Amino acid sequence: MTATGRDAATSLEHVPAPGSMLTHTAARSLAVLRIALGFVFLWAFLDKTFGWGYATPAERSWLNGGSPTKGFLAGVDVGPFQSFFTGIAGQAWADWLFMLGLLGIGLALILGIGMRIAAGAGALMMLLMWFAEFPPAKTTGAGEATHSTNPLVDYHIVYALGVIVTALTYAGHTWGLGRWWASLPLVRRNPWLI
């Protein structure tokens with residue numbers, strides 16, 4: 001066998017057969033995606049809680065009496081669910097659900113545990129935020145341009161797909177606590193907790 005033939009044969013040894021497990025590189029890439037997505041959710045929770053000045057100034061932080069949902073939802077001025085979203089803006093129950101969702105999804109993704117619940121909750125949260133921004137609209141209720149760059153697929157949809165993919169591919173097992181979590185008796189009896 002020539003050197004080129006040996007190199008090709010060696011490189012093919014690392015290509016999984018159809019239906020087999022992911023390659024180490026793919027598993028690590030999915031773990032990086034999982035951790036990055038988790039950090040997106042966790043960072044939003046931390047910034048809204050402490051007002052680190054990125055999206056939330058200190059004076060409007062949750063700890064200083066600000067509402068994590070009011071700024072975003074009160075500004076909804078387009079789409080078929082406009083009155084629903086503006087109606088729940090600043091409600092204590094909406095603030096608590098939103099913040100617990102951000103924290104829970106972020107921690108679950110970073111740790112690699114409860115990935116199915118995190119994926120469902122994360123996808124639902126992103127879909128609701130997509131409806132709140134309503135990218136299909138070209139103009140607001142006041143007739144101003146929304147500056148939507150894509151009427152269907154924006155970052156909310158990409159994040160939703162990302163959390164679903166990481167759950168379906170067991171990305172929590174690489175660089176996470178997913179294997180340990182899946183071995184717990186409670187989780188083994190209730191696979192939806194994986």
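This is a predicted model: local features need pLDDT of at least 70, side-chain atom pairs count only at pLDDT 80 or more; totals for chains, interfaces and linings use all residues.
## H147, out in a loop

H147 sits in the loop between α6 and α7; helices here are DSSP runs of H or I with at least four residues, numbered from the N terminus. Is H147 buried or exposed? With a relative accessible area of 67%, H147 is exposed (exposed means over 50%, buried under 20%, partly exposed in between, using a 1.4 Å probe and protein chains only). H147 and A137 are 10 residues apart in sequence, and their C-alpha atoms lie 9.1 Å apart in space.

Residues are numbered from 1 along each chain as its sequence is written, and side-chain values use heavy atoms, leaving out hydrogens and water.

The protein's mean pLDDT (the predictor's confidence in each residue, from 0 to 100) is 90, with 89% of residues at 70 or more.

## α6 against α7

How do α6 and α7 run relative to each other? The axes of α6 (residues 115-133) and α7 (residues 155-168) come within 8 Å and cross at roughly 170°, so the two helices are roughly antiparallel (angles over 145 degrees count as such). The axes are lines fitted to C-alpha atoms over the stretch in contact, with angles from 0 to 180 degrees between N-to-C directions.

On the α6 side, the contact includes M115, A119, M126 and W130; on the α7 side, residues including Y155, Y159, V163 and T166 take part. The contact's residues divide into 13 nonpolar, 3 polar and 2 charged.

## Two buried residues

L37, in helix α2, is buried, with a relative accessible area of 6%. Not counting residues up to four places away in sequence, L37 touches L109, Y159, G162, V163 and T166. L37 and T166 are 129 residues apart in sequence, yet 9.4 Å apart in space, C-alpha to C-alpha.

S61 belongs to the loop between α2 (24-50) and α3 (70-74). S61 is buried too, with a relative accessible area of 1%. The S61 side chain reaches the backbone oxygen of A58 at 3.1 Å. Leaving aside neighbours within four places in sequence, S61 is in contact with K48, T49, F50, G51, T56 and G66.

Note on methods
A polar contact is a pair of N or O atoms within 3.5 Å; within protein, one must be able to donate a hydrogen and the other to accept it, and residues adjacent in sequence count only if both atoms are side-chain atoms. Contact means heavy atoms within 4.5 Å. Angles under 35 degrees count as roughly parallel, over 145 as roughly antiparallel, 65 to 115 as roughly perpendicular and the rest as oblique. Ala, Val, Leu, Ile, Met, Phe, Trp, Tyr, Cys and Pro count as nonpolar, Asp, Glu, Lys and Arg as charged, and the others, Gly among them, as polar.
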